[in-house]
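Biologist: I am new to this structure. Could you show it to me and take some questions?

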Amino acid sequence: MIEVCLLGTGGMMPLTNRFLTSLYCKCEGSGLLIDCGEATQIAIKKANLSVYDIDYILITHFHADHISGLPGLLLSIGNSEKKTKVTILGPKGIKEVVKSLRIIAPELPFPVEVVELDKKEGEIKLNVFNIQYYELKHKMICLGYNIILNRLPEFLKQKAIDNNIPIKYWNKLQHLIECEDEITGVKYTPDMVLGEERKGIKISYFTDTRPCDNILKWTRDTDLTICEGMYGNTDKSTNAKRYMHMTMVEACEIAKETKPKNLWLTHYSPAEVKPQVYEKELKKIYSKVKIAKDGEKIKLVFV
Ligand SMILES: [Zn+2]
Ligand SMILES: [Zn+2]
């Protein structure tokens with residue numbers, strides 16, 4: 001099970017009634033944050049979530065609305081008396097950017113590791129979270145992220161019995177650890193006790209981009225897709241192209257192909273005072289679309 005909270009839904013600048021787009025996920029006690037614009041630490045408190053739990057911070061790109069909240073957040077995490085490592089990941093250049101921002105947060109009571117994701121696409125395992133990343137199409141290098149929770153195949157007791165597997169190895173084999181009997185040298189492998197592969201949970205997060213092939217390639221069949229819908233007003237499609245953003249209609253057109261179970265739009269332009277007014281029309285393009293609000297939450301479980 002993974003708990004997901006979209007802390008804010010704004011783009012460009014925080015408003016008095018709208019925090020900047022940032023996603024907080026928690027699974028098995030470990031917290032992961034994507035993007036950290038100004039005031040993200042306040043949005044976390046408002047959503048009744050804990051900065052202490054944050055172990056990973058993924059940054060999409062270096063525009064201020066996605067990273068300027070980082071030093072304040074790190075200081076808040078420090079105040080929570082966290083002692084364990086926080087890993088910050090982002091596109092090429094993240095080490096330099098974090099180093100500069102940390103001039104005002106130099107001393108922290110926990111170790112910070114910064115990881116540069118310098119390939120065009122790739123995968124990285126962060127504890128329970130399997131992360132996929134890929135390049136988007138924005139004014140600077142910008143990464144889209146998938147969070148994937150794998151699900152272990154079912155343990156089949158009868159299969160273990162039929163294969164004469166000693167009970168003392170059942171638990172390890174169930175958790176994909178191969179075993180070898182010290183006396184007889186007989187080897188036991190996980191497939192001797194496990195059933196078919198099972199579908200896990202997939203969440204896609206992409207914002208600050210024009211529609212592009214990589215979105216179609218990487219974000220199919222998710223349980224939840226969170227993506228930008230900067231402009232609801234279709235008159236603004238020229239602006240979307242000029243500033244390398246996406247309209248709500250474009251986001252829904254993409255979803256028609258990629259088929260997410262849930263589609264949350266976010267990163268609204270400050271000019272969109274009531275983005276909810278577009279929802280009804282957008283549902284005609286993709287019925288599962290939601291104009292997400294700040295603090296929107298969902299719990300996703302294995303089915
Ligand atoms: Zn932005
Ligand atoms: Zn941007």
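This is a predicted model: local features need pLDDT of at least 70, side-chain atom pairs count only at pLDDT 80 or more; totals for chains, interfaces and linings use all residues.

Biologist: In what order do the seven strands of the open sheet come?

Modeller: The order is β7-β8-β9-β12-β13-β14-β15, with mixed pairing. Strands (E, at least two residues) and helices (H or I, at least four) are DSSP runs, numbered from the N terminus. Two strands pair if DSSP finds at least two bridges between them.

Biologist: Why is one side of β7 and of β15 left without a neighbour in the sheet?

Modeller: β7 (121-126) and β15 (289-291) stand at the edges and each has a single partner strand, so one side of each lacks a neighbour in the sheet.

Biologist: How many bridges join β7 to β8?

Modeller: Six bridges do, and the two strands run antiparallel. Within this pair, E123 is opposite Q132 of β8.

Biologist: Turning to helix α3, which residues are buried there?

Modeller: In α3 (residues 70-79), the buried residues are L70, P71, L73, L74, S76 and I77. Buried here requires 20 or more other C-beta atoms within 10 Å of the residue's own, with C-beta atoms placed from the backbone. Those residues pack against α1 (40-46), β4 (54-58), α2 (64-67), β5 (86-91) and α4 (94-101). Just after α3, E81 has a positive phi of about 70 degrees.

Biologist: Which residues have the most contacts inside the largest nonpolar core?

Modeller: They are L23 and I57, in a core of 73 residues. A nonpolar core is a set of buried Ala, Val, Leu, Ile, Met, Phe, Trp, Tyr and Cys residues joined through C-beta atoms within 7 Å. Neighbours within four places in sequence aside, I57 is in contact (C-beta atoms, placed from the backbone, within 7 Å) with L33, C36, V86 and I88. A second, separate core has five residues, including A160, L173, Y188 and V193.

Biologist: And I34: buried or exposed?

Modeller: I34 is buried, because 28 other C-beta atoms lie within 10 Å. I34 belongs to strand β3 (residues 30-34).

Biologist: What does I34 touch?

Modeller: Not counting residues up to four places away in sequence, I34 touches S22, L23, L58, T60, Y145 and Y205.

Key:
Residues are numbered from 1 along each chain as its sequence is written. Chains are lettered from A and ligands numbered from 1 in the order in which they are written. A residue is buried if 20 or more other C-beta atoms lie within 10 Å of its own, exposed if 12 or fewer, and partly exposed in between; C-beta atoms are placed from the backbone. Two residues are in contact if their C-beta atoms, placed from the backbone, lie within 7 Å.
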